[in-house]
Amino acid sequence: MTTISPVKTVKESKPKEQNSPKKSVYLTKQLNLWYGDKHALKNIDLDIKEHEVTAIIGPSGCGKSTYIKTLNRMVELVPSVKTSGEILYRERNIFDANYGVEELRTKVGMVFQKPNPFPKSIYDNVAYGPRIHGIKNKKILDEIVEKSLRGAAIWDEVKDRLNENAYSISGGQQQRICIARALAIEPDVILMDEPTSALDPISTLKIEELVQELKKDYSIIIVTHNMQQAARISDKTAFFLNGEVIEYDDTDVIFSNPSDKRTEDYISGRFG
Amino acid sequence: MRYVDHDLVVKRMGGRKIVNYLFKGLFMLATTIALLALAILLYRIVTQGAGNLSWEFLNNFASRFPEKAGIKAALIGSLWLMAVVAPTSIILGVGSAIYLEEYAKKNRMTAFIRTNISNLAGVPSVVFGLLGLTIFVRALSLGNSVLAAGFTMSLLILPVIIVAAQEAIRAVPNELRDASLGMGATKWQTIVRIILPAAIPGILTGSILALSRAIGETAPLIVIGVPVIIQFLPSGVMDTFTALPMQIYDWSSRPQQEFQAVAAAGIIVLMAVLLTMNSIAALIRNKFQKRY
Ligand SMILES: Nc1ncnc2c1ncn2[C@@H]1O[C@H](COP(=O)(O)OP(=O)(O)OP(=O)(O)O)[C@@H](O)[C@H]1O
Ligand SMILES: [Mg+2]
């Protein structure tokens, strides 16, 4: 069996963890989700900690995107969706009738698989979030835009072309613009659904480094098909299969000493 | 064994090429006939009408005497008509399209409505004229005013605008909606800030083409009872008026030969208006090339 050993050392953060256990950002309890008759998520229990990178892996169609889209309730855009169970975000159930989705999505930014900038200038893309939340002051917007672009490690590449259309830059740069756009609403959590699957290796590396950087300030949940990527960048890994969580543990445990046979088979490339 | 016998292919190639050229020639002929007909039409109109085109022609009211007849009342009347039709039909049309595409649940009922809007676009314009006569002219007692005619024409082109706007809205990728909603934007903010700006070139192009249809329509105006000989300009939407196609229709149906030339001059004016509108539509289409 060939296991992939995580490159980064989780040990660095271990002593701190023992002193003060990290708080949960998302606590999922007995979550079930159906698309019409299709039971897509089955009794999911997951405790996602803040300031960590949590990777979600699993074969195609196992419910990774569905789960991550449930966390900001984007999944409800599909009319046939029904859910049961609870997801507590910072101790509040996001399915509560009086929990506004807009409020939730302001705290939980999302980066999608395919870079999807708006057909507007780079500046307007990043300023979009603050603007819809009522910020009009040009100076404040300028500051947010610069801060977010720096945060997404793309400021130096685009600072002289902020007024150019966001489609005039490369796919990898577009994806970092999308990350900057998500940062601009100053979220607490960033959800990423296969953010590098449409990108070249160099852009992928840049985004992986960026994720490492971002976890100081944000909690990150990332779906990935790329096992090496999960091993490289995540602290915890959840392995999904057919809508169930098979195993959820520290990334180095999952990749070096999984307790479930199916996890072992999957990460060693025997199926999926 | 081989399935494709290359010797046979070479032997039969000649026949295939002849058929190929034959059809190419046939299609070229079809195009030529269409273009020729158009060229003859244009040539006749221009040679007949150009002599009558003058500042006086544009600035005179209708007259019994062909040499004094002018198109002022009809030209300004058509502009008044557009001033009612454009806002009415675009607001209603885009509103309906937004509702159908962004808000309405996708069920049997809305599917039924969608298909029937497209069907409405095929209803003859006379029928819309009758509808306008019953509702606007009589029931709402608007008479044969600019407003009554404008509302009737708006109904006539509404289906075309709705369909064009629906298509433009549908062409906006879902990823953009997701990105906006995912940042906590409301549906309305997403529509106003993302969907409409992206859809506007398509909406405008479709609307302008629909409006140019309204400018050229005669039948509904005849049914409503729009007069022809008018010696004043409307000073408001409640006044009566006349329009370019009405005026042209009237001139061309007069017995005197001289009025045929006047009608041709009127057609040139109408075509100039239509060409201008279509060029604006083309300009908009080119200017806002889609970037996604
Ligand atoms: N809109 C939908 N309507 C009905 N079924 C859906 C819908 N979206 C997803 N599904 C089904 O739900 C299951 C989970 O899909 P999901 O997209 O979450 O998988 P995934 O793990 O993200 O796969 P991938 O790795 O291919 O992206 C699949 O069986 C899929 O067919
Ligand atoms: Mg997916």
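Buried means under 20% relative accessible area, exposed means over 50%, and partly exposed covers what lies in between. A:Asp142, at 31% relative accessibility, therefore counts as partly exposed. The model is predicted.

A:Asp142 has a charged partner. Its side chain meets that of A:Lys138 in a salt bridge, at 2.9 Å from N to O. Both residues sit in helix H5 of chain A, which spans residues 138–151. They are four residues apart, about one turn of the helix. A:Lys138 is exposed, with a relative accessible area of 52%.

## Salt bridges that tie parts of chain A together

Side chains of opposite charge can pair when their charged atoms come close. Over all chains, the structure holds 27 salt bridges. One of them joins the side chains of A:Glu103 and A:Arg92, with 3.5 Å from N to O. A:Glu103 lies in helix H3 (residues 101–107) and A:Arg92 in strand E5 (residues 92–93), both of chain A, so the pair ties together parts that are 11 residues apart in sequence. A:Glu103 is partly exposed, at a relative accessible area of 35%. A:Arg92 also counts as partly exposed, at 32% relative accessibility.

A:Glu157 forms a salt bridge with A:Arg176. Their closest N and O atoms are 3.0 Å apart. A:Glu157 belongs to helix H6 (residues 155–158) of chain A and A:Arg176 to helix H7 of chain A, so this pair ties together parts that are 19 residues apart in sequence. How exposed or buried is A:Arg176? A:Arg176 is buried, with a relative accessible area of 3%. A:Glu157 is partly exposed, at 30%.

Salt bridges also link residues into a network. Its members are A:Lys22, A:Glu52, A:Lys236 and A:Asp250.

## Helix packing in chain A

Helix H7 of chain A, which carries A:Arg176, spans residues 171–183. H7 packs with helix H8 (residues 201–214) of chain A at an angle of about 20°. Their axes are 9 Å apart. Angles under 35 degrees count as roughly parallel. H7(A) and H8(A) are therefore roughly parallel to each other. Their crossing is right-handed.

## A buried loop residue in chain A

A:Ser121 lies in a loop of chain A, between strand E6 (108–111) and helix H4 (122–132). Is A:Ser121 buried or exposed? A:Ser121 is buried, with a relative accessible area of 11%.

A:Ser121 and A:Ala166 are 45 residues apart along the chain. Their C-alpha atoms are separated by 5.3 Å.

## Helix packing in chain B

Chain B has a helix pair too. Helix H10 (residues 244–252) and helix H11 (residues 257–287) of chain B pack at an angle of about 160°. Their axes are 8 Å apart. Angles over 145 degrees count as roughly antiparallel. H10(B) and H11(B) are therefore roughly antiparallel to each other. H10(B) passes H11(B) in a left-handed crossing.

## A nonpolar surface patch in chain B

Which residues form a nonpolar patch on the surface? The patch is made of B:Val19, B:Leu22, B:Phe23, B:Leu26 and B:Phe27. Together they have about 520 Å² of accessible area.

B:Leu22 lies in helix H1 of chain B, which covers residues 6–49. B:Leu22 counts as exposed, at 55% relative accessibility.

Key:
Residues are numbered from 1 along each chain as its sequence is written. Chains are lettered from A and ligands numbered from 1 in the order in which they are written. This is a predicted model: local features need pLDDT of at least 70, side-chain atom pairs count only at pLDDT 80 or more; totals for chains, interfaces and linings use all residues. Side-chain values use heavy atoms; hydrogens and water are left out. Patches are made of residues with over 30% relative accessible area and no salt bridge: like charges are joined within 9 Å, nonpolar side chains (Val, Leu, Ile, Met, Phe, Trp, Tyr) within 5 Å. Accessible areas come from the Shrake-Rupley method with a 1.4 Å probe; for residues, only the protein chains shown count as cover. A salt bridge is a side-chain nitrogen of Lys or Arg within 4 Å of a carboxyl oxygen of Asp or Glu. Helices (H or I, at least four residues) and strands (E, at least two) are DSSP runs, numbered from the N terminus. Buried means under 20% relative accessible area, exposed over 50%, partly exposed in between (1.4 Å probe, protein chains only). Axes are lines fitted to C-alpha atoms, for helices over the stretch in contact, and angles run from 0 to 180 degrees between N-to-C directions. Angles under 35 degrees count as roughly parallel, over 145 as roughly antiparallel, 65 to 115 as roughly perpendicular and the rest as oblique. A crossing is left-handed if the near helix is turned anticlockwise from the far one by less than a right angle, and right-handed if clockwise.
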